[in-house]
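These are my notebook entries on one structure. I set out what I looked up, with each criterion stated at its use.

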Amino acid sequence: MFIQTEDTPNPQSMKFLPGRAVLGADADGRPALGMDFPNAESAAASPLAATLFDVDGVTGVYLGADFITVTKAEATAWQHIKPALLGAIADHLAAGLPALGAGAAPTGKPATSLDDYEGEDREVVEQIIELIDTRVRPAVAQDGGDIVFKHYEPRTGVVFLSLHGSCSGCPSSTMTLKAGIENMLKHYVPEVVKVEAVA
């Protein structure tokens, strides 16, 4: 199995592309919401993530629709752990083992649902979600990350987004959030005043 790797804007994260589905598509046929495993304890829900945490120096794993992003400790060099990570991913996928355990749910779920909003506020949230799903998520997935809508406060015009994978802890994520996403949302959705990152 050939696994392609790509550097990400976050020097502590690397994207692994196995050339096949990792989480695949959701019920609507769109790329599945990713799953973030920020530590070894959280990886109990994923046999694949747990295997990657067995590699010394791994501090985070993010599973996307067709990629895996691994985050390492700053003191660990990629050349020391990359071969072990490639081997672990190849062995796991070649054996046909599942990426997720039974009952595991995506971490990218919104904190609030559309049903929490009414009238014009609901229309605003629908626009925000549509823009994030069609313009933001595909772009950040290319860098091994994901950004998911969490909440909108109609009173203040603040949109709260959650960063995952290589976006979490990335030095350029603040610039992406403010200069990129905030400006785009404010342009298309005048009710948006500000964008904030939340865990």
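Entry 1, charge and rings. I counted a charge as sitting over a ring if NZ of Lys or CZ of Arg is within 6 Å of the ring centre and within 35 degrees of the ring normal. The model is predicted, so local features need pLDDT of at least 70 and side-chain atom pairs count only at pLDDT 80 or more, while totals for chains, interfaces and linings use all residues. Residues are numbered from 1 along each chain as its sequence is written, and side-chain values use heavy atoms, with hydrogens and water left out. I found the charged end of K15 over the ring of F67, 4.9 Å from the ring centre.

I then looked for aromatic pairs, taking rings of Phe, Tyr and Trp (its six-membered ring) with centres within 6.5 Å; planes under 30 degrees apart count as stacked, over 60 as edge-to-face and the rest as tilted. The structure holds one such pair. Its members are Y62 and F67, tilted, at 6.1 Å centre to centre with 35° between the planes. Both Y62 and F67 are buried (under 20% relative accessible area, with exposed over 50% and partly exposed in between; 1.4 Å probe, protein chains only).

I read helices (H or I, at least four residues) and strands (E, at least two) as DSSP runs, numbered from the N terminus. The protein has four helices and eight strands, in the order β-β-β-α-β-β-α-α-β-β-α-β. Of its 199 residues, 45% are buried.

I defined a nonpolar core as a set of buried Ala, Val, Leu, Ile, Met, Phe, Trp, Tyr and Cys residues joined through side-chain atoms within 4.5 Å. The largest core has 26 residues, of which L52, V61, L63, I68 and L85 touch the most other members. Elements that each supply at least two of its residues include strand 2 (13-17), helix 1 (47-53) and helix 2 (78-94). Helix 2 gives the largest share, seven residues. A second, separate core of 20 residues includes F149, L163, I181 and L185.

For contacts I required heavy atoms within 4.5 Å. Setting aside neighbours within four places in sequence, L85 is in contact with F16, L52, V55, V58, V70 and W78.

Is V22 buried or exposed? V22 lies in the loop between strand 2 and strand 3, yet V22 is buried, with a relative accessible area of 11%. Beyond neighbours within four places, its contacts include L48, L63, F67, I68 and A99. The C-alpha atoms of V22 and A65 are 5.4 Å apart, although 43 residues separate the two along the chain.
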